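Thanks for coming. Please look at the sequence and the model while I talk.

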Amino acid sequence: MSEQQYGLTTAEAKTSAELYGKNILSSLPKTTFWDKFKDNLRDPIIEILIVALVVDCLFAYMGYGDWFETIGILLAILLATLVSTYSEYSNESAFQKLQEEASRIQCRVWRDGVPVSLRIDDIVVNDAVILQAGDKVPVDGILLSGDFGLDQSALNGESDEVHKIAASADYVWQGAPDFLDEQRLYRGSVVVSGTGVMLAKAVGDASVYGQLTKELQIEERPSPLKIKLEHLAQQIAKFGYIVGALIALAVFFKKYLAVPDYFAQPYQIIGVDIVGAIIVGIAIIVMAVPEGLPLMIAIVSSLNMKKMLRDNVLVRKLVGIETAGSLNLLFTDKTGTITKGHLEVVSFLTGNRQEFGSFADLPEIIKKYTYQNIVVNTSATVTDTAILGGNMTEKALSDYIGNYREKSPQRLQFSPFNSADKFSLAVTDDSEQVLVKGAPEKLLLSVSYYWDADGVRQPLTDGMKQTLDYRMVELARRAMRMLALCTCEKQTGALPTEGLTLVGILCIRDEVRKEAVQAIKEVQNAGVQVVMITGDRKETAAAIAKDSGLLQRPEELVWTSSELAGFTDDEVKLMLPKLRVVARALPMDKSRLVRIAQELNLVVGMTGDGVNDSPALKKADVGFAMGSGTDVAKEAGDIVILDDNFLSIQKAILYGRTIYNSICKFVTFQLTINFAAVMVNFLAPFLNIDGPLTIIQILWVNLIMDTLAAIAFGGEPALDKYLSEEPKKRTAPIVNKVMLQHIVVAGMCILAMFAYFIPLERQVNYSNGVFFTLFILMAVANAFVVRAKSWKIWEGLEQNKGFITVMGFILIVQVAVLKIFY
C-alpha cells in the first residue's frame with residue numbers, strides 16, 4: 001500500500017478529530033495571578049499581620065483607632081504579597097511562552113494525497129506522518145514504510161539508539177506501551193537516522209507521553225525556607241503576643257493607679273482605657289513582626305533570578321532558588337549534564353599500539369584511509385563542504401575530521417552497517433582498496449596486516465592482536481566505544497575471512513565535561529552528596545563516575561536497577577550515604593530514591609530531561625529540568641538548566657546559598673530593630689513617656705527603609721566561600737545562636753541610647769521625631785555590622801557598592817521626613 005493511500009482526506013481527518021480528539025496535551029491547570037496572590041497571603045508572617053489588621057480595623061471603625069495605622073498595616077501586606085506574586089507570575093508567563101512555542105512545531109503529513117505541513121496539535125488518529133533524521137516523533141503509532149535509528153531516551157532513559165522497521169500488513173496495534181517493539185514509535189522519541197512514514201494510532205493525552213504528564217499531579221511538600229519561616233513566625237507571634245499583653249496590662253494598670261477608686265468611674269471611661277491599652281498592645285505586636293521580610297525575600301529572589309538567567313539558569317518558582325542552596329542530596333543525569341551529550345573520537349589506536357589524539361596528528365597513509373572510510377564508507381550524505389545526517393557515531397566521525405577535505409575514490413557498491421553483520425563495506429573505483437568499518441571484535445578475526453606510520457603494510461601477529469585486545473579491554477573500562485577501520489585489496493562486496501589490513505581503531509566516547517569535574521568537586525565540598533542515575537551499562541556508568549570524580553573510594557557503591565530492586569527501603573536507607581551511581585535505571589527507581597531520601601528528612605534535588613523523569617522531578621524538593629529536555633520535564637521542574645551543564649547546577653546551589661545568607665543577614669538586621677522598638681515601647685509606660693515610637697514610624701522602618709535595605713542586601717555577591725558551608729538542616733531554625741546574640745546585644749545598645757536620651761528629653765524640648773531619627777541612624781549602623789558579620793564594616797563593600805548608595809539614600813530620606821513632618 002502506498003503512502004498516499006494511508007493518508008486521510010480532509011473530511012476523514014475531521015471525523016477522526018471528533019472521535020479521538022486532536023494531538024493536544026492537557027496542560028496542568030494554569031495558575032492565575034489571583035491564585036498566586038491568595039497563596040502568598042498564607043505566608044506565616046503575613047497571617048500575623050492580617051490578624052493585627054482585622055483587630056485594628058475593628059477599633060478604628062469604632063472610633064478608637066488610627067486609620068493611618070490601619071492603612072499602613074494594609075500597605076505592608078499588599079506590598080509584600082504583590083511583589084512576590086508578580087515575580088513568580090511574570091517568570092511563569094515567560095515559561096508558558098516557551099511551552100506555546102513548542103505547540104507551534106510543524107509536521108509533514110499526507111492529506112488528500114499530498115504532503116502538507118500541519119501544527120503538531122492538529123495531527124489526528126490515522127494520519128500518515130512523514131519523518132526524517134532530526135525529527136521528533138509527534139504521536140504514538142506504527143512505522144508504515146522505511147526504517148529508523150531512534151533515540152527513545154526521553155521516554156525510557158536508555159541512551160542506546162534502537163532500530164525500527166516497517167510493520168507488516170497484519171500488525172495489530174495494542175494499547176500497552178512496549179518500547180522494545182521494533183514496529184512502534186512513541187511521541188517524544190527522536191529520529192537519529194533514516195526516513196519513513198508512520199501511522200498515528202494514539203494522540204494527545206492517549207499517547208504514552210500524554211499519560212505520563214498526568215502523573216505530575218503530586219502534592220508538593222513545603223520547602224525548607226517555608227518551614228523555617230513558619231517556625232520563626234511562631235516564635236515572633238509568641239514573643240509579640242506575650243509582650244503585647246504585658247504592655248496592655250501595664251498601660252491599663254498605670255491608669256488604674258492614677259485614679260483613686262478607679263472602678264467607680266462610668267464604664268464608658270473604663271472601656272476607653274481598656275481599648276486604648278489593647279491598641280498599644282497591637283502596636284507592640286506589629287512592631288514585633290518583621291513586615292518587610294516577605295517583601296525582602298521576594299526582592300532578593302527576583303534580583304538573583306536575573307543574575308541566574310545570565311548563567312543559563314531559569315527559575316520557574318522562587319522557592320526553588322533557596323531550596324537549591326539547602327540540598328543534601330542531588331540525583332543527576334549523566335548524558336549531557338556530566339558528559340557533553342554527544343559522542344566524539346578521543347583517541348586513535350594503530351596496529352602496533354601507537355596512540356594519536358587529533359586527526360591532524362595521524363601519519364599520512366593512515367590519515368588517507370581513515371578519511372576515506374569516514375566519507376566514502378558511510379550512510380550519511382557527503383557534500384564538498386559537510387557531512388549531513390547519519391547516526392551519532394557518524395556525526396562523531398564527521399567532527400573528528402573537521403573541515404579536512406581531499407579527493408576520494410568513487411563508491412561503486414555499498415553494504416551499510418547492520419546489527420547482525422556489525423560492519424559496513426564500500427567497494428570503490430580504486431582497484432587497490434575496499435574500505436571496511438565495524439566492530440573490532442568482528443573485523444580483527446579477519447585482519448592479517450596493519451598499516452604502519454611509513455605507509456608500509458606489516459604483518460599483524462597473534463601476539464600483537466593479544467596486545468591490542470588488552471588495550472581495548474582497558475579502554476572499554478573507560479566507557480570507550482571502539483570502531484575498527486580496515487582496507488582490503490580484493491574487489492568484493494563480502495567480508496573476507498582473512499587478509500584485511502588494519503588502519504586503526506577509533507576510540508569514541510561521550511566525553512566528561514571538563515567544567516563538570518570541578519563543579520562536582522565543589523558541590524561535594526559543599527556537603528552535597530551527588531548520585532549519578534543513568535540508563536547505561538554498569539561498567540560504562542562506573543567509568544564515567546570515576547573520570548568525573550564521583551567515584552573516589554572503594555567503599556562507594558555502584559548499583560544497577562535490578563540490584564536496587566532487591567533491597568528493602570530500610571536497607572537502602574542504611575547504604576544511601578555511600579551510593580554514587582545507579583546504572584540501567586528505570587523511571588520508578590528515581591521516584592523511589594527521592595521518596596526514601598525525603599523520609600530521611602533530606603533536601604533532595606533531581607535532574608532530568610525526559611518524560612520518564614517528570615514524576616521524580618515533581619516529587620523532589622527542587623527539580624532541575626534540562627533546557628534541551630521535553631516540555632513535560634520542564635513543566636515538572638522548579639528550575640530549568642538552559643545549557644544542560646552540571647556547572648550551571650553548581651551555580652544554582654551557590655545562588656541558593658547566597659540568597660539564604662542574604663535572608664539571614666536581613667532577618668538579623670530587622671529583628672534587631674524590632675526587638676529594640678518593642679523593648680523601648682515596653683519600658684516607656686513605666687518611665688512616664690508616651691509612645692516614643694508609633695506604629696506609623698515602625699511601619700516606615702519595616703516597609704520603606706527595609707525595602708531599600710532588601711535591595712542593598714540583595715546586591716550581595718555570590719561568594720565561593722558559601723560552598724564551603726555545610727547545608728542547613730531542613731528543620732533547623734533560621735535564627736541561629738550567633739544571630740540571636742547579635743539581635744539581643746545590638747538591640748540592647750539601641751535601648752541604652754534610649755535610656756541616655758530620657759534625661760535630655762526632660763531638660764530640652766526634644767520632639768518625637770528627633771528620637772525617631774536617632775533610631776534610624778542606629779539602624780543604618782546596624783546594617784553595616786550585619787552585612788560584614790563583624791565590626792570591620794568596610795570589608796567586602798567594594799563587591800556591593802550599591803549598599804553604600806542605598807544606606808546613604810535612607811539617611812537623606814530620613815532627614816527630609818524630619819524636616820517635613822516634625
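Helix α5 (residues 67–102) supplies the largest share of the nonpolar patch, eight residues. Helices here are DSSP runs of H or I with at least four residues, strands are runs of E with at least two, and both are numbered from the N terminus. The patch covers about 1,000 Å² of surface, and Trp67, Leu74 and Tyr86 are among its residues. Tyr61 also belongs to the patch, and this tyrosine is found in helix α4 (residues 44–61). Patch residues have over 30% relative accessible area and no salt bridge, with nonpolar side chains (Val, Leu, Ile, Met, Phe, Trp, Tyr) joined within 5 Å and like charges within 9 Å. Areas come from the Shrake-Rupley method with a 1.4 Å probe, counting only the protein chains shown as cover for residues.

This is a predicted model: local features need pLDDT of at least 70, side-chain atom pairs need 80 or more, and totals for chains, interfaces and linings use all residues. Residues are numbered from 1 along each chain as its sequence is written, and side-chain values use heavy atoms, without hydrogens or water.

Next, salt bridges. A salt bridge is a side-chain nitrogen of Lys or Arg within 4 Å of a carboxyl oxygen of Asp or Glu. The count comes to 26 salt bridges. In one of them, arginine 471 meets glutamate 355 at 2.6 Å, N to O. Arginine 471 is in helix α15 (residues 462–477) and glutamate 355 in strand β11 (residues 355–356), so the pair links distant parts of the chain, 116 residues apart.
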